[in-house]
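Biologist: I'm new to this one. Can you put it on screen and walk me through it?

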Amino acid sequence: MADTADMLRLENLQVHFPIQGGLLDRVVGRPAGAVRAVDGIDLNVRRGEIVALVGESGSGKTTVGRVITKLAQPTAGRLLFEGHDVTSVQGLSALRPYRQRVQMIFQDAYQALNPRHTVFDIVAEPLRSLRLASGKHLTERVSEALVSAGLNPPSDFLSRFPHELSGGQRQRVVIAGALAVRPELIVADEPVSMLDVSIRAQILQVLVGLRDKRNMALLFITHDLPLAWLIADRIAVLYLGKLVEIGSADEITFNPHHPYTIALRNATPQIGGNAGRAEMPTLQGEVPSAAHVPKGCRFHTRCPLAFDLCKVKEPPAIEVGPRHVSACWRSEG
Ligand SMILES: Nc1ncnc2c1ncn2[C@@H]1O[C@H](COP(=O)(O)OP(=O)(O)O)[C@@H](O)[C@H]1O
Ligand SMILES: [Mg+2]
């Protein structure tokens, strides 16, 4: 049943990138395969909710964010916003209303700010391209966004250039650009991973404050489980393009069910608790390539608890508690 409170909903979302085959493949018409970056995920985000998408590098996090913000097209599945199927909405003008409601903060965007643009130009850009404001109104909206992102008073920043700002201030400029359009959902891709620990907390406070003040929703992408616990209401754990566990931030952190989540948790000593620690040694080996996803449960090649069924059959999402699911055969029965 669709939850009527869902703002964003991903249904069996899939993004496969075709691999260019060699000459021989083409001559004999052999399919060259695909990188299964996102391999069928179901996820919902409610209004005013902060959901963290957690996974190692290469697990598909950025690709999920790009699909949600309509920068990448899924190869299968559906993207719904407020119950409307927006999967096939394309083109600048058709996407304008959606872009006004859903914004993305890119990984390391603040390092790539145009050095010749002032803070005003950078924050005004989305407002201009979405034709939301001009003239005096534009200046007001830019100033309002700077204040919301913690750059106060805005007059101190409007005519400055990126090189005149600290890393934390540059990241605030990026956040202000996303905020300027007054979105209802922000997808933030590793927004603090390159910042000093002391600045991280301030930036996180800005993001959480937006939810509290504006009931904005946030999909917070990170590889850092403790950070996810700190900021999110719910956590979704991604492994090789598939969600292996979803639940409340506390459940995922202190009562994880999936062996992969337990391994992630055990790898971070700052999180207390011993659930599953004894039976679950540390993670072995490397993440397999998304071009060669293991059969059965895709985690079985690294899972010390795997048994025969795991090698041949992919586990479904199994309910292990209220709004807590784990895709592991051990969770069954
Ligand atoms: N445009 C692309 N073409 C081919 N493969 C891609 C492309 N974008 C991402 N991938 C691959 O998809 C997988 C997931 O990438 P990504 O979404 O960037 O993961 P994450 O953000 O979790 O590090 C990786 O194996 C990556 O190499
Ligand atoms: Mg990424």
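**Helices, sheet and ligand**

Modeller: This is a predicted model. To begin, helix H4 passes helix H6 in a right-handed crossing.

Biologist: What angle do H4 and H6 pack at, and how far apart are their axes?

Modeller: The angle is about 30°, and the axes of H4 and H6 are 7 Å apart. That makes H4 roughly parallel to H6, because angles under 35 degrees count as roughly parallel.

Biologist: Now the sheet. In what order do its eight strands come?

Modeller: The order is E6-E7-E8-E3-E9-E10-E12-E11. The sheet is open, with mixed pairing.

Biologist: Which are the edge strands?

Modeller: E6 and E11, the latter covering 318-321. Each of these pairs on one side only. On average, neighbouring strands in this sheet are turned by 20° against each other, direction ignored.

Biologist: Let's stay with E6. In which sense does E6 pair with E7, parallel or antiparallel?

Modeller: Parallel, over four bridges. In that pair, Met104 stands opposite Val187 of E7.

Biologist: Which way do the E6 residues point?

Modeller: Val102 and Met104 point one way. Gln103 and Ile105 point the other way.

Biologist: And are those four buried or exposed?

Modeller: All are buried.

Biologist: What about E10 and E12: how many bridges join them?

Modeller: Two, and the strands run antiparallel. Ile246 has Val325 in E12 as its bridge partner.

Biologist: Switching topic. Which residues are around ligand 1?

Modeller: Among them are Phe17, Val35, Ala37 and Ala290. The list also includes Gly55 and the residues Ser57, Gly58, Ser59, Gly60, Lys61, Thr62 and Thr63.

Biologist: Which element gives the largest share of that shell?

Modeller: Helix H2, with three residues. H2 spans 61-68, and strand E2, at 34-46, also supplies at least two residues of the shell.

Biologist: How does the shell split by class?

Modeller: Seven residues are polar, four are nonpolar and one is charged.

Biologist: Last one: where is His117?

Modeller: His117 is in the loop between E6 and H4.

Biologist: Why does His117 count as partly exposed?

Modeller: Because His117 has 15 C-beta neighbours inside 10 Å. A residue needs 20 or more to be buried, and 12 or fewer to be exposed.

Biologist: How far is His117 from Ser159?

Modeller: They are 42 residues apart in sequence. In space, His117 and Ser159 are 9.0 Å apart, C-alpha to C-alpha.

Notes: Residues numbered from 1 in each chain as written. Chains lettered and ligands numbered in written order. Predicted model: local features only at pLDDT ≥ 70, side-chain atom pairs only at ≥ 80, totals over all residues. Pairing = 2+ DSSP bridges. Near = placed C-beta within 6 Å. Nonpolar A, V, L, I, M, F, W, Y, C, P; charged D, E, K, R; others polar. Axes fitted to C-alpha atoms, helices over the stretch in contact; angles between N-to-C directions. Parallel < 35°, antiparallel > 145°, perpendicular 65-115°, else oblique. Left-handed = near helix turned anticlockwise from the far one by under 90°.
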